[in-house]
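The sequence and the structure are shown first.

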Amino acid sequence: MCGIIGYIGNQEAYPILIKGLHRLEYRGYDSAGVALINPNGQLNIYKNKGKVSQLEESIEGKDVSGNIGIAHTRWATHGEPNNVNAHPHYSNSGTLALIHNGIIENYALLKSGLIEKGCTFHSDTDTEVLVQLIDYIKTSGNHSLFDAVQLALNQVIGAYAIAILDRDDPDRIIIARKSSPLVIGIREEEDEYFFASDASPIVEYTNSVIYLQDNEIAIISRKEPLKVIDLKNVEKTPEVSRLEMSISQLERGDYPHFMLKEIFEQPKTIADCMKGRINTEGTNVVLSGIIDNKARFLSARRIIIVACGTSWHSALIGEHLIENLCRIPVEVEYASEFRYRDPIIYPDDIVIAISQSGETADTLAAIELSKQKGAFIYGICNVVGSSIARATDSGSYIHVGPEIGVASTKAFTGQVTVLAMLAMTLAKEKGTIKPNELTTMIKAFKKIPEQMELLLSANSQIQETAKIFTYARNFIYLGRGYSYPSALEGALKLKEISYIHAEGYPAAEMKHGPIALIDSEMPVIVIATNTKLYEKVLNNIQEVKARSGRVIAVVTEGDEDVRKLADYYIAIPKTMECFGPLLAAIPLQLLAYHIAVYKGKDVDQPRHLAKSVTVE
C-alpha cells in the first residue's frame, strides 16, 4: 500500500518525482524517499520519516540533479515508520536502489539464506531482502541487472511492484509487477518515460500509457525501445491505452480538503455514472455488461458479491436491490474471509467483485478463487485498466473520476448507483418487474443528482450540528432495511477520519446488547426516513430517548413525528426507499467530515490508512 513514481528522460527528474509523490501520497504517507543518478554517475538516495513535505525540507540544499530517478511514499507493513525503513533501499555493493509496493511473503527464508552468504541488512523491511537478493545474484553470478531481477523474482512468493536503479547503468530503469499495479507513461517523441502505481502523476505529461501485467518485467531505456519480458523469458507486445483523466480532477480547487470536494462532486459524478445508461426520457435503463451476458445472468443460481470496507457496505445495498427486484438469492462476503473459507461456488454462480481502485488484494484473490471454480465474474470498479477490470469476465465502471480522499465518498454512491442500474436492468430482462413500475423507478432514480444538490445546501446546518459533538468518544448509528448499510457506512466514515469509536447496528438489534451503552453522553444517529419500517424505527428512537440518549435523526422532508423526538435532525428529499442510501450518504459524510475538521484531524490522510489496499 505504497506509491511508486519514476522518470527517465531529458528533464530534471527531481521536480517530476516530488510532484508525483504528492499526487500519490493518498496511497501511503508514513515516510518517503527518492533515488537519483546525477550527471557524474553518483547515486544519491534521500529518505525521511513523515510526509512528502518533510522529505522536501530534509533534501533542501542537497544534490538533486539528474534526469533519471525513482521515488516512493510508504505505508508500513514490515518495520515501523522511520528513516531506515523508508524506501528506496540500497544494496550492500552501493550500486543498486530499489522501491517496492507489496509484500514478500517468504522474505524471512530468503533473508536467512543471504545472511549465511555474508549479506548485511540495515532495515526491518521485506523490501531490503529483495534488493540484496538481486545484488547477490548479479555480483556472484556476473549477471546483467535484468537477468538478476528475473532470477530473483522467480524465487519470490508474494506481491510486488518494483523499480530498480543501477548506478553503473545510468540510462536504464527496470520495473516489474505481480499483483500490484504499475502503469507506464510514454512520450516517445521526447524519448522519455514515466511510471507510477497509478496514472495520477502521469496524466500531466502524457495520456499514452501501458498497464504492466502480472509477472512482467519492463526495461525502460533512453537508448532503446521499451521492452517487456515475462518471468519465463517470453517477450511481450505491450498494448498502449489512452488515459481518460484531467489535471483538474487531481486538484483541490477552492476546497480545503479533497474529501469535501469529492462530497460536493457527487451530484455530477452520479449523473456521469448514469449517462448513457438511462435514456433521456427516463423510461429505460441499459447496463451493457448485463445485456451482453444476458444468458449467464438469467441462468444464475445465485449471486455472490465480494468486497471490502466501504465497497462491502455498497454490496449490502446491492443485495437488497437484486433480491427485491430480480428474485435471485444474493450473498455478500468480505473478500478477505471468503478467500480462506473454502467457499462453495457453483459454475452457474455469478460473483460480483466491487473495488474503487480495482487493485484490492483480497478482492483480486477472491476473483481468482471464483474463476477456478468456474463462476462468471463481474467487476464493478472506478479505475480504468485496473487489475480487477482486466481479471473479470465483464463489468461496469462507476465513472466518478479519481478519488483522492482516503475516506471514500463519491465511490460509495457510484457503486450503489451501478448496483441499482444492474438490478433494474436484470429485473427488466427477467420480467420480474412490470414496465410501469420500472418507469416509476427510473424517474425517481434520475432525480437523485438534483436531490443531492439540494442536500448539499444544508452543509452549514450540518456543520453547526457537528460542532456540538466533537466531545463524543463513541457514536451509535442505527438503521433498518436499506438504511442499515447506510448506518454501517456512516459509522465507518466517522471512525476513519475523526478517530471516534462508532458502530452501526440494525435498529432492532439495539435491544440485544448495544442499548446498555446508551446514556446522556452517547450520541445516536438514526436513519429514520419514511419507509415501510418507519413506525418500528420510531419505537427504537423512543427507546433511546427513554435512556437519555441524544438523537440525531436523518428524516424525510416534511416529517414531524421524528423531528419532535430527535434532539437534532437533517432532512433529505423524498425518494423511493431503495434509493434512500444515495441521499442519506451525503449528510452522514458531511457530519463525519466537519466533526473531524473541528477536532483538527487530517481528513484526507487519516492515520494508519491508505487508499488502495494492495496487500493482505
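The sections below describe these features in turn; the model is a predicted one.

## Salt bridges

A search of the whole structure finds 30 salt bridges. One of them joins the side chains of K51 and D602, with 2.3 Å from N to O. K51 is located in the loop between β3 (43–49) and α2 (52–59), and D602 in the segment after α21 (580–598), so this pair ties together parts that are 551 residues apart in sequence. K51 is partly exposed, at 24% relative accessible area, and D602 is likewise partly exposed, at 28%.

A further salt bridge links the side chains of K545 and D567 at 2.9 Å, N to O. Here K545 belongs to helix α19, while D567 lies in the loop between α20 (561–565) and β25 (568–572), so the pair ties together parts that are 22 residues apart in sequence. Both partners are partly exposed, K545 with 27% relative accessibility and D567 with 35%.

## Surface charge

A patch of negative charge on the surface is made up of E188, E189, E190 and D191. E188 is placed in the loop between β9 (183–187) and β10 (192–196). With a relative accessibility of 55%, E188 counts as exposed.

## Cysteines

The structure holds zero disulfides. For C273, the closest cysteine sulfur is that of C381, at 12 Å, which is too far for a bond. C273 is buried, with 0% relative accessibility.

The sulfur of C578 has its closest cysteine sulfur in C326, 11 Å away, again too far for a bond. C578 is buried as well, at 11% relative accessible area.

V551 lies in strand β24 (residues 550–556) and is buried, at 0% relative accessibility. V551 and Y568 are separated by 17 residues in sequence and by 6.5 Å in space, C-alpha to C-alpha.

S548 is found in the loop between α19 (534–545) and β24. S548 is partly exposed, with a relative accessible area of 46%. Between S548 and P523 there are 9.9 Å in space, C-alpha to C-alpha, and the two are 25 residues apart in sequence.

How values were computed:
Residues numbered from 1 in each chain as written. Predicted model: local features only at pLDDT ≥ 70, side-chain atom pairs only at ≥ 80, totals over all residues. Heavy atoms only, no water. Patch = residues over 30% accessible without salt bridge, like charges linked within 9 Å, V, L, I, M, F, W, Y side chains within 5 Å. Areas by Shrake-Rupley, 256 points an atom, 1.4 Å probe, with all protein chains shown as cover. Salt bridge = Lys/Arg side-chain N within 4 Å of Asp/Glu carboxyl O. Lys, Arg positive; Asp, Glu negative; His and termini not counted. Charge placed at Lys NZ, Arg CZ, Asp CG, Glu CD. Helix = DSSP H or I, 4+ residues; strand = E, 2+ residues; numbered from the N terminus. Buried < 20%, exposed > 50% of the residue type's maximum accessible area, 1.4 Å probe, protein only. Disulfide = S-S within 2.5 Å.
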